[in-house]
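Hello,

Here is the structure I promised to pass on. My notes on it follow below.

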Amino acid sequence: MKLLLDFLPIIIFFAVYKTSGDIIMATAVLIPATMLQMLYTWIRTHRIEKMQLVTLVLVVLMGGATVLFQDKTFIQWKPTVVNWLFGAVFLGSQFIGKKTVVQRLMEANIDLPAQVWRNLNIAWVIFFISMGIVNLAVAYSLSEEAWVNFKLFGMLGLTFVFILAQGFYMSRHIQSDAPK
């Protein structure tokens, strides 16, 4: 349910674009949809995750610039900026603090050796940087419609495949308290 809620603004953006063919209008709808999603999350949980907040700020800033200047370039760059910011944060966590971001997010549910946490964190850094690059490649080499399709289906699909691969990697290294 949380995943659906997280993707709801993107789905709304996609639906408006597909029905209107207008990326500016779809972006104008994306901004309040994202704000409403955050408001609903806050009312329900009294908590907003930092990643969600960063995404909201970038949707408002870059989406607002898209609408204000009638230029799709801003909204097309937003996924790249978000991914590169996340990549920078994950990379920084390799050097700042005792635990990486991945370890802080997942250690309550899984026990892994320190080196595996570091490897997973670096994998996420590479993934985020790569996703930013791929987003720009699609935005600048394919049609607007292809980019909109990629934004929903391509990025979601690549993320799903990456998470599956990460799960297989983690399963080989899970530490158990059970006797052997």
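**What I found**

The accessible surface of the protein comes to about 10,500 Å² (Shrake-Rupley method, 1.4 Å probe). Carbon and sulfur atoms own 72% of that surface.

Some ground rules. This is a predicted model, where local features need pLDDT of at least 70 and side-chain atom pairs count only at pLDDT 80 or more, while totals for chains, interfaces and linings use all residues. Residues are numbered from 1 along each chain as its sequence is written, and side-chain values use heavy atoms, with hydrogens and water left out.

Overall picture. The protein has seven helices and zero strands. Helices here are DSSP runs of H or I with at least four residues, strands are E runs of at least two, and numbering starts at the N terminus. The C-alpha trace spans about 60 × 40 × 30 Å along its principal axes. Of the 180 residues, 37% count as buried, meaning under 20% relative accessible area with a 1.4 Å probe, protein chains only.

Now two helix pairs. Two packed helices are described by the angle between their axes and the distance between the axes. Axes are lines fitted to C-alpha atoms, for helices over the stretch in contact, and angles run from 0 to 180 degrees between N-to-C directions.

**α3 and α4**

Helix α3 covers residues 50-69. Its axis and that of α4 come within 9 Å and cross at roughly 155 degrees. That makes α3 roughly antiparallel to α4 (over 145 degrees). By class, the contact has 15 nonpolar residues, three polar and one charged. Nonpolar covers Ala, Val, Leu, Ile, Met, Phe, Trp, Tyr, Cys and Pro; charged covers Asp, Glu, Lys and Arg; the others, Gly among them, are polar.

**α4 and α7**

Helix α4 (residues 73-92) also packs with helix α7 (residues 144-171). The angle is about 30 degrees, and the axes lie 10 Å apart. That makes α4 roughly parallel to α7 (under 35 degrees). Ile 75, Gln 76, Lys 78, Pro 79 and Asn 83 of α4 meet Trp 147, Lys 151 and Met 155 of α7. This contact has four nonpolar, two polar and two charged residues.

Best wishes

Notes
Parallel < 35°, antiparallel > 145°, perpendicular 65-115°, else oblique. Contact = heavy atoms within 4.5 Å. Buried < 20%, exposed > 50% of the residue type's maximum accessible area, 1.4 Å probe, protein only.
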